[in-house]
Amino acid sequence: MIRETVRTDKAPKAIGPYEQAIKVGDFIYTAGQIPLDPKTGNLVEGGIAAQTRQVLENLKAVLEAGGSSLDRVVKATVFLKNIGDFASMNEVYAEYLGQVKPARSTVAVAELPRGALVEIDFVSLA
C-alpha cells in the first residue's frame, strides 16, 4: 500500500518527529492534536471547552487536507488531563461528532504536551 503524508498550514505543525496525519489505503490516521493555535503556535486559553474546540478545529483541518472530513471519522481517542473535564469536553465533542458517533476511547493521563488539558486523535475513512 502507498503511504501518503498529510500536511496543512491550517493546523499546528508537528512539534516532534511525526506528521500531522498519514493516509494509507482507505484510511487517514491523525497524530494527536493538542489545543495549539496554528497561527501563533501558542496553547489556547479558556479552559477545557475552548481547548477541545481548538483541538477539533485542528483535526478538521488535517482531515480536510487529506481529502476527508469529520463525518468520516470511525475512531477517536481522547486524552484528558482531568477526568472531571469529561462532561465539558463531551459537550463540545458532540457539537462536532454527535451525528457521526465514531467509536471512542477516553482516558485520563498525568500530563499532556505543553500543559494542554486535552489531546485527541482520529482514524477516518479517506
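Colleague: What kind of interaction do the side chains of R7 and E19 meet in?
Modeller: R7 and E19 meet in a salt bridge, at 2.9 Å from N to O. Keep in mind that this is a predicted model.

Colleague: Where in the chain do R7 and E19 sit?
Modeller: Both R7 and E19 are in the loop between strand 1 (3-6) and strand 2 (21-24), 12 residues apart. The pair links distant parts of the chain.

Colleague: And is R7 buried or exposed?
Modeller: R7 is exposed, because its relative accessible area is 59% and the cut-off for exposed is over 50%. E19 has 24% relative accessibility, so it counts as partly exposed.

Colleague: How many salt bridges does the structure hold?
Modeller: Four salt bridges in the structure. One of them joins the side chains of K13 and D9, at 3.0 Å from N to O.

Colleague: What about accessibility there: is K13 buried or exposed?
Modeller: K13 counts as exposed, at 59% relative accessibility. D9 is exposed as well, with a value of 63%.

Colleague: Which residue does K81 meet in a salt bridge?
Modeller: That would be E111: the two side chains meet at 3.8 Å, N to O.

Colleague: Is E111 buried or exposed?
Modeller: E111 is exposed, at 56% relative accessibility. K81 is partly exposed, with a relative accessible area of 34%.

Colleague: Why do such side chains pair at all?
Modeller: As a general point, side chains of opposite charge can pair when their charged atoms come close.

Colleague: Okay, new topic. Where does S68 lie?
Modeller: S68 is in the loop between helix 1 (47-65) and strand 4 (73-80).

Colleague: Is S68 buried or exposed, and why?
Modeller: S68 counts as buried because its relative accessibility is 7%, and buried means under 20%.

Colleague: What does S68 touch, leaving out residues up to four places away in sequence?
Modeller: On that count, S68 touches I28, L63, S124, L125 and A126.

Colleague: Which side chain does the S68 side chain join in a polar contact?
Modeller: The side chain of S124, in a polar contact of 2.7 Å.

Methods: Residues are numbered from 1 along each chain as its sequence is written. This is a predicted model: local features need pLDDT of at least 70, side-chain atom pairs count only at pLDDT 80 or more; totals for chains, interfaces and linings use all residues. Side-chain values use heavy atoms; hydrogens and water are left out. Helices (H or I, at least four residues) and strands (E, at least two) are DSSP runs, numbered from the N terminus. Buried means under 20% relative accessible area, exposed over 50%, partly exposed in between (1.4 Å probe, protein chains only). A polar contact is a pair of N or O atoms within 3.5 Å; within protein, one must be able to donate a hydrogen and the other to accept it, and residues adjacent in sequence count only if both atoms are side-chain atoms. Contact means heavy atoms within 4.5 Å.
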